Amino acid sequence: MTLEMRYREKREEGKIYGIISACRECNISEERILKILQEKEGLSEESAIVYLEEAEETIKRMNEYTAFMDKLCKIISDLKKINASDDTIIVKIQDEFHFTNDDAKFYYEYAMKKKGLYWKTR
């Protein structure tokens with residue numbers, strides 16, 4: 001499986017978990033969600049059931065990741081506004097998230113590459 005195929009698969013999984021999350025927020029029954037996944041997303045009953053069973057934990061992890069990225073991007077944005085150097089931002093990320101220097105650099109560079117997807121200023 002190529003990296004592009006894996007990316008497409010993960011994006012599709014995210015879409016399915018997003019549908020489940022939205023349906024649950026609207027108090028739609030599990031049976032109706034199952035039908036939606038089968039009819040609208042073309043999943044087999046077995047696959048739809050697996051997604052429903054795994055949804056709670058996966059949605060929780062997705063929400064944690066989103067909260068992490070929001071916080072990371074806010075830190076970067078706030079420091080960029082005061083013209084902090086990249087090294088200063090990396091040190092702040094290390095302190096805030098208890099990362100090693102290499103991890104802080106990685107997430108800083110990751111956030112800068114994903115700026116269009118995750119960058120939020122509040």
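Colleague: Which hand does the crossing of H3 and H4 have?
Modeller: This is a predicted model. The axes of H3 (residues 45-81) and H4 (residues 86-97) come within 10 Å and cross at roughly 145°. The crossing of H3 and H4 is right-handed.

Colleague: How many nonpolar residues are in the contact of H3 with H4?
Modeller: H3 brings residues including Phe68, Leu72 and Ile76. H4 brings residues including Ile89, Ile93 and Phe97. By class, the contact has no polar residues and five charged ones, and the nonpolar count is eight.

Colleague: Which element gives the most residues to the largest nonpolar core?
Modeller: That core has 15 residues, and Leu72, Ile76, Ile89 and Ile93 have the most contacts inside it. H3, H4 and H5 (101-113) each give two or more residues. The top contributor, with seven residues, is H3.

Colleague: How many residues does the second, separate core have?
Modeller: Among its members are Ile33 and Ala48. Tyr51 and Ile59 belong to this core too. Its size is 14 residues.

Colleague: What is the radius of gyration of the protein chain?
Modeller: The chain has six helices and zero strands. Its C-alpha trace spans about 50 × 35 × 25 Å along the principal axes. For 122 residues the globule rule gives 14 Å; the chain's value is well over that, so the chain is more spread out than a compact globule, with a radius of gyration of 18 Å.

How values were computed. Residues are numbered from 1 along each chain as its sequence is written. This is a predicted model: local features need pLDDT of at least 70, side-chain atom pairs count only at pLDDT 80 or more; totals for chains, interfaces and linings use all residues. Side-chain values use heavy atoms; hydrogens and water are left out. Axes are lines fitted to C-alpha atoms, for helices over the stretch in contact, and angles run from 0 to 180 degrees between N-to-C directions. Helices (H or I, at least four residues) and strands (E, at least two) are DSSP runs, numbered from the N terminus. A crossing is left-handed if the near helix is turned anticlockwise from the far one by less than a right angle, and right-handed if clockwise. Contact means heavy atoms within 4.5 Å. Ala, Val, Leu, Ile, Met, Phe, Trp, Tyr, Cys and Pro count as nonpolar, Asp, Glu, Lys and Arg as charged, and the others, Gly among them, as polar. A nonpolar core is a set of buried Ala, Val, Leu, Ile, Met, Phe, Trp, Tyr and Cys residues joined through side-chain atoms within 4.5 Å. Buried means under 20% relative accessible area, exposed over 50%, partly exposed in between (1.4 Å probe, protein chains only). The radius of gyration is taken over C-alpha atoms; the globule rule is 2.2 Å times the number of residues to the power 0.38.
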